Amino acid sequence: MTLDDRVKSALAEKLLAMGDDELILGHRDSEWCGHAPILEEDIAFANIALDEQGHAAIWYGLHAEVIGEEKETYPDKLAFMRPAGEFRNAPVMELPKGDWAFSMLRQYLFDVAEHTLMDSLVKSSYQPLADAAAKVQREEFYHLRHTQAWVRRLGLGTAESNHRMQAALAALWAYFIATFEPLATDDTLVEAGMIPPAHDWQAAWEARVLPMLNEINLKPPSPVESITPSRTRHTEHLAALLAEMQSVARLQPDARW
Amino acid sequence: MADKPWLPVTDTQWPQYIVFHQEGADSPHEYAGAVHAPDAELALTNARDVFVRRPDCVSLWVVREDRIFARTAEELALDPRWADGIHDAGQPATWLVFQKLNHRGTLVHAGEVEAGTPEGALITALTACANPSAIVWWVTPDRAVIRSEPGDIAEMFEIAKSKRFRDQGEYHIVTAMRKIGGGDKS
């Protein structure tokens with residue numbers, strides 16, 4: 001498929017943002033490794049973290065193809081050699097892991113967002129994107145099953161678990177709404193039938209998330225405040241995260257694994 | 001806990017569930033290990049996450065450990081009259097029978113029996129599933145078993161096929177270590 005330059009650069013931007021969301025969230029989740037509340041969940045959550053990092057590799061690989069870079073090696077450069085200012089993840093992904101309620105709720109809200117986005121992307125007019133979406137979607141079924149079961153129990157569990165979930169929701173909600181903010185170049189892709197309009201995606205997400213939150217006695221804050229950080233203007237947490245995540249790769253940039 | 005004074009008084013662990021997995025449609029379910037979980041649904045997902053790292057599973061069963069009635073052949077032999085006076089009262093129901101046939105093996109699903117009590121189920125199983133090699137017997141009520149659904153195969157088990165990095169055969173180090181272990185200096 002030949003793409004004109006305008007579509008090409010819009011597509012590259014979008015794929016980069018998608019990959020960055022997965023990588024940064026996956027890294028935050030991985031911080032629970034060895035610290036989750038129980039051994040079985042330690043393994044399960046680390047699995048989810050690895051899956052998200054695997055998805056990042058998929059989107060980075062497509063990004064590399066679109067801009068004519070090497071598909072096998074370029075994703076590592078994107079992950080380990082970029083400074084914070086060049087990352088395009090939504091700021092919610094970089095927020096510190098917080099307590100278990102915060103990390104589990106964030107992962108659940110993300111799983112629904114990813115699942116609903118994949119529902120549209122499997123029909124993308126850009127075939128490589130549709131194929132990748134089908135693959136990612138298979139894993140998201142299971143993520144959702146897992147995180148939804150947890151979120152339900154934490155919401156309906158004890159007074160303390162509900163309180164912690166409510167606090168997590170209050171902290172996450174405005175940040176999550178901001179993740180649906182379209183990139184400046186997204187219109188081009190929507191017109192080409194490659195991605196869904198941002199408001200359709202957000203509406204699909206809310207249609208699933210709101211009844212669930214209601215069912216488990218959690219109330220999103222209203223009105224939704226607007227936040228200053230964005231995909232191009234990160235919180236101070238991202239640089240610290242990258243300093244740790246990139247440290248080994250940067251010690252020996254030409255190392256062969 | 002009074003009967004087990006060596007255990008700490010406050011056990012904050014979740015209940016334990018015993019996990020059985022099936023490697024192919026024609027193989028029996030086999031004991032895989034145990035997971036802690038607050039309830040049956042999470043026991044099944046935990047079992048998947050802990051024991052289905054490689055793509056050789058088509059079905060999972062989990063059952064709360066306290067629903068399993070276990071006896072070794074040695075125990076039974078030491079008390080040959082253990083079954084005397086046992087009256088298999090209660091509502092008859094289906095019980096699953098598991099046997100361990102050698103010390104290096106694991107517990108394997110051997111069949112079903114109808115009985116009203118755990119003891120009754122074991123007595124029936126000793127005849128119905130008779131096997132002179134059996135060294136351990138487990139019986140558990142069929143209704144206590146939580147099973148994955150055939151529809152779960154795609155999302156719970158098939159995924160592992162794309163994760164070759166979890167397969168130890170993917171790593172040359174394993175081969176290298178075997179060579180060292182086997183005294184092969186090449």
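In which sense, left-handed or right-handed, does α2(A) cross α1(B)? I looked it up: the crossing is left-handed, a label for a near helix turned anticlockwise from the far one by less than a right angle, clockwise being right-handed.

Ground rules. I am working on a predicted model, where local features need pLDDT of at least 70, side-chain atom pairs count only at pLDDT 80 or more, and totals for chains, interfaces and linings use all residues. Residues are numbered from 1 along each chain as its sequence is written, chains are lettered from A and ligands numbered from 1 in the order written, and side-chain values use heavy atoms, without hydrogens and water.

Helix pair. I took helices (H or I, at least four residues) and strands (E, at least two) as DSSP runs, numbered from the N terminus. The axes of α2 (residues 39–66) of chain A and α1 (residues 40–51) of chain B come within 9 Å and cross at roughly 70 degrees. That makes α2(A) roughly perpendicular to α1(B); the term covers 65 to 115 degrees, with under 35 roughly parallel, over 145 roughly antiparallel and the rest oblique. Axes are lines fitted to C-alpha atoms, for helices over the stretch in contact, with angles from 0 to 180 degrees between N-to-C directions.

I then listed contacts (heavy atoms within 4.5 Å). From α2(A), A:Glu40, A:Glu41, A:Ile43, A:Ala44 and A:Asn47 meet B:Asn46, B:Asp49 and B:Val50 of α1(B).

B:Asn46. I noted 2% relative accessibility, so B:Asn46 counts as buried (under 20% relative accessible area; exposed is over 50%, partly exposed in between; 1.4 Å probe, protein chains only). Leaving out residues up to four places away in sequence, B:Asn46 touches A:Glu40, A:Glu41, A:His146, B:Val35, B:His36 and B:Ala37.

Cores. I defined a nonpolar core as buried Ala, Val, Leu, Ile, Met, Phe, Trp, Tyr and Cys residues joined through side-chain atoms within 4.5 Å. The largest has 92 residues, of which A:Trp59, A:Leu105, A:Tyr108 and A:Trp205 touch the most other members. Helix α4 (residues 100–121) of chain A gives the most to this core, 13 residues. Apart from it lies another core of 15 residues, including B:Phe69 and B:Trp95.

A:Leu251. This residue sits in helix α10 (residues 247–251) of chain A. I found A:Leu251 exposed, at 70% relative accessible area. A:Asp5 is 246 residues away in sequence and 36 Å away in space, C-alpha to C-alpha.

Chain B. I counted 5 helices and 8 strands. Buried residues make up 35% of its 186 residues.
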